[in-house]
Amino acid sequence: MVMEQKDIPIIEAWIKGKLHGDDLLSFEKRMTNDAEWAEEVKIYRYSKETFSDKERLEFRKKIEIIQVDIDKEESNKKGLKWYFIFIPIALLGLIAWYWISSSPINTPGTGSTIEAIDSFPEVQDKLLLDDTLKPNENTMEQGISSNPKFSDKELIAMADSKIFDPLQEINLRSETEKQNNLLNKAISDYRQGSYRKAIQKANELMINDSLKSNATLLLGLAHFRLHEYIEAYAAFQQVLALSELAPDPLEWNILMTQLAQKNRSEKTFHQLLEKILSDKQHSYYDKAFELKKVISN
Amino acid sequence: MAAKVKYTDQEYLSAIRSGDPIILKSLLVVTKKIIAKIVYTGNGTMEDILEVQSSVLEILFTLDRNSKLDISKSLMAYVHTIATRYFAQIKRKRGNLNLIKEVEMVQEFGFEQELIEMERMNFFKGKLKLLKEGCKDLLEFCWSNEDATMQDVAKNFNWASENVASVRKFECTKKLIRLVKADKLYNEYL
């Protein structure tokens, strides 16, 4: 039998140890003989106990408040850090663009363009990622695909298995929310392998500032699964710049886009890998170490 | 700036008891890296890190209160072991049945009971959060104010009588029970 309103004061008394004599005997007998009722009593008891320990609840609350403070501080610091990084990069980019487009040595066939962009690593990286602007392969550094040990397919499979992918784990809360929330729908599409649909929905979500980081991460992962590594790289970089999500897994994913990409540059790949390996506290240090061992053996 | 300074285990324990926000903040900064590594290695999320971190510290709080902390072991060893075990449980409940090797270490640290209690509390807290605000506030008020009578409840919520309060409390309790029972894992917490 299920719990009734009149049972509550008796259950409360039992929890407080204030049930005695025949009342206690009869309560215990019912607990033994009526499984459904006993189950509801236990649910009531544990729910109540969860909120009875004020000292413990206050401690937890305090911790959660400090966690929010730390997050805010970290976001502000990252924001400031990116501000100082992006402005010089943007300026360098502008200068490079101006210099390349106006320079008399920028003539097809002379080979001088490659030499010129060598002085601008950021521009070089951009070019390396852009198929339409791919420089002459003979002048490029050889990528890790030149290592006969791994084919492109093997490297893609390696990156596929190592990518940080929280979308497979996120709990979609209620059924209603699942149906109404576009982000949840996009995640569902992603999980079902409908990556194009997920990308379409993620793009629609971009107008919502509060969802931008998650939508862009989704976008990056969907492009990654479609082997569109240039788009995936750009998306992960964008999430990193938004500074709302933890940077370590994003840096790892950026490295994975390089690992999986055809015509990758060994230089860019190793720069990203060494960046992770330079920080022993990096969440992906062990994985990066393992990866380095695998590809250099 | 003070939050960045590392303190001794003893100072961290004192802060857990006293609630000193500066030392607690330092403890959170220090433990976040340890926990992030565990969570990200297991493909967890940022939300998981925060959840695991607050639960680990809550377990430390109860272990200390129950005089069960072994001071010969470092606090960070406790953090690492509890976090690994707790995150393995989260993963297991999400359908990933591969428990992590460190599970055996739990015996040595002796926090199994606190961990089970923590999981149960988080489960019931999670279910209460799914109730509508009115119900959530009512049950929280009733259960966190041990001595409150139905009359006090009625007064606090501006209801006409204690009878109204009793009926509402019962209705909300039933809703909570339904939510708990709708979870396929609820039997694990009873």
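This report describes the chains, helix packing, chain contact and loop residues of a predicted model.

**The two chains**

Chain A has 15 helices and zero strands. Chain B has nine helices and, again, zero strands. Along its sequence, chain B reads α-α-α-α-α-α-α-α-α.

Burial can be given chain by chain. Of the 297 residues in chain A, 28% count as buried. For chain B, with 190 residues, the figure is 36%.

Contacts can be sorted by separation along the sequence. In chain A, take the contacts between residues at least 6 apart: 51% of them join residues at least 24 apart. In chain B, residues 24 or more positions apart account for 55% of the contacts with a separation of 6 or more.

Helix H1 of chain A covers residues 7–15, and A:Asp7 belongs to it. Is A:Asp7 buried or exposed? It has 20 C-beta neighbours inside 10 Å, so A:Asp7 counts as buried. The cut-off for that label is 20 or more. A:Trp37 sits 30 residues from A:Asp7 along the chain. The C-alpha atoms of the two are separated by 10.0 Å.

Helix H10 of chain A runs over residues 195–205. Its buried residues are A:Tyr195, A:Ala198, A:Ile199, A:Lys201, A:Ala202 and A:Leu205. An α-helix has 3.6 residues a turn, so residues three or four places apart point the same way.

What do the buried residues of H10(A) pack against? They pack against helix H9 (182–191) and helix H11 (212–225) of chain A.

Two packed helices are described by the angle between their axes and the distance between the axes. For H10(A) and H11(A), the angle is about 155 degrees and the axes are 9 Å apart. Angles over 145 degrees count as roughly antiparallel, and H10(A) and H11(A) are therefore roughly antiparallel to each other. Their crossing is left-handed.

H10(A) brings A:Tyr195, A:Ala198, A:Ile199, A:Ala202 and A:Leu205 to this contact. H11(A) brings A:Ala215, A:Leu218, A:Leu219, A:Ala222, A:His223 and A:Arg225. By class, the contact of H10(A) with H11(A) has nine nonpolar, one polar and one charged residues.

**Where the chains touch**

The contact between the chains takes 35 residues from chain A and 40 residues from chain B. Which elements give two or more residues to the side of chain A that touches chain B? They are helix H3 (35–52), helix H4 (54–102) and H13 of chain A. H3(A) gives the largest share of that side, eleven residues. By class, the side of chain A that touches chain B has 16 nonpolar, seven polar and twelve charged residues.

H3(A) packs against helix H6 of chain B, residues 112–129. The angle is about 95 degrees, and the axes are 9 Å apart. That makes H3(A) roughly perpendicular to H6(B). From H3(A), the contact uses A:Tyr46, A:Ser47 and A:Thr50. From H6(B), it uses B:Arg120, B:Met121, B:Phe124, B:Lys125 and B:Leu128. These residues divide into four nonpolar, two polar and two charged.

**Helix H13 of chain A**

H13(A) has 14 residues, 247–260. At 1.5 Å a residue, H13(A) should span 20 Å. Its end C-alpha atoms are 20 Å apart, which agrees. H13(A) is mostly covered, with 13 of its 14 residues buried.

Most residues other than glycine have a negative phi. B:Asn43 is not a glycine, yet has a positive phi. B:Asn158 also is not a glycine and has a positive phi.

| Residue | Phi | Loop in chain B | Other C-beta atoms within 10 Å |
|---|---|---|---|
| B:Asn43 | about 60 degrees | between helix H2 (21–41) and helix H3 (46–65) | 17 C-beta atoms |
| B:Asn158 | about 60 degrees | between helix H8 (150–156) and helix H9 (162–181) | 6 C-beta atoms |

Which label does each count give? With 17 other C-beta atoms within 10 Å, B:Asn43 is partly exposed. With 6, B:Asn158 is exposed.

Technical notes: Residues numbered from 1 in each chain as written. Chains lettered and ligands numbered in written order. Predicted model: local features only at pLDDT ≥ 70, side-chain atom pairs only at ≥ 80, totals over all residues. Helix = DSSP H or I, 4+ residues; strand = E, 2+ residues; numbered from the N terminus. Expected span 1.5 Å × (residues − 1). Buried ≥ 20, exposed ≤ 12 C-beta atoms within 10 Å, placed from the backbone. Contact = placed C-beta atoms within 7 Å. Nonpolar A, V, L, I, M, F, W, Y, C, P; charged D, E, K, R; others polar. Axes fitted to C-alpha atoms, helices over the stretch in contact; angles between N-to-C directions. Parallel < 35°, antiparallel > 145°, perpendicular 65-115°, else oblique. Left-handed = near helix turned anticlockwise from the far one by under 90°.
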